[in-house]
Amino acid sequence: MLSSGSDCLHEGTVQTGILPAIDERHTDHPVYVSYCHGWTGAATVLLPMGIAGIRPLAPGFAETEIRPALEVFSHFRCAVPTPLGEIAVKYEDRVFSWCVPKEMGIRVIVGGETIVGQRQGRIVLTQ
């Protein structure tokens with residue numbers, strides 16, 4: 001999508017050439033037409049849940065688990081807004097760090113280690 005010049009999550013990723021911008025009129029339509037469709041929004045869920053591993057264990061993220069998939073990427077950053085405040089995680093240079101709101105119950109599982117109740121921290125991975 002990025003290589004096609006996309007400015008939104010387009011319906012298809014196999015389009016060749018430059019896709020129209022979301023605020024651009026098409027030559028064959030008198031109105032604005034967007035190729036941006038709701039089902040392509042899956043990417044916005046994949047990073048927080050699938051890669052960063054942020055999952056609510058109770059309504060409103062009152063209890064939350066962070067279990068990142070560190071074997072997938074060499075680095076990532078992710079922030080998730082919740083009713084209690086923002087959850088932020090970062091994985092860079094084999095260091096995983098996190099910060100969660102003070103009212104949130106938290107369990108972080110990284111590299112076989114489980115940390116409960118620590119609202120911010122960092123783990124240096126040796127392997």
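Predicted model: local features only at pLDDT ≥ 70, side-chain atom pairs only at ≥ 80, totals over all residues.
**Ground rules.** I number residues from 1 along each chain as its sequence is written, and side-chain values use heavy atoms, with hydrogens and water left out.

**Entry 1, strands.** I took strands as DSSP runs (E, at least two residues), numbered from the N terminus, and called two strands paired if DSSP finds at least two bridges between them. I began with β1 (residues 54-56) and β2 (residues 63-66), which run antiparallel and are joined by three bridges. They form a hairpin with six residues between them. In its turn I noted G60, with a positive phi of about 70°. Next I followed β2 to β6 (residues 105-110): four bridges, and this time the strands run parallel.

**Entry 2, aromatic pairs.** How many aromatic pairs does the structure hold? I found two, counting rings of Phe, Tyr and Trp (its six-membered ring) with centres within 6.5 Å; planes under 30 degrees apart are stacked, over 60 edge-to-face, and the rest tilted. F76 and Y91 have ring centres 5.9 Å apart and planes at 45°, so this pair is tilted. The pair links distant parts of the chain, with F76 in β3 (residues 76-82) and Y91 in β4 (residues 85-92), 15 residues apart. Both residues are buried, meaning under 20% relative accessible area with a 1.4 Å probe, protein chains only (exposed is over 50%, partly exposed in between). F96 and W98 make a stacked pair, 6.2 Å centre to centre with 25° between the planes. F96 and W98 are buried as well.

I looked up T82 in β3 and found it buried, at a relative accessible area of 12%. A polar atom of the T82 side chain lies 2.5 Å from the backbone oxygen of G85. Leaving aside neighbours within four places in sequence, T82 is in contact (heavy atoms within 4.5 Å) with F61, I87 and M104.

My last stop was G121 in β8 (residues 120-124), buried with a relative accessible area of 17%. What does G121 touch, not counting residues up to four places away in sequence? I noted F96, S97 and W98, which brings me back to the stacked pair of F96 and W98.

Terms used
Polar contact = N/O pair within 3.5 Å; in protein donor to acceptor, adjacent residues only side chain to side chain.
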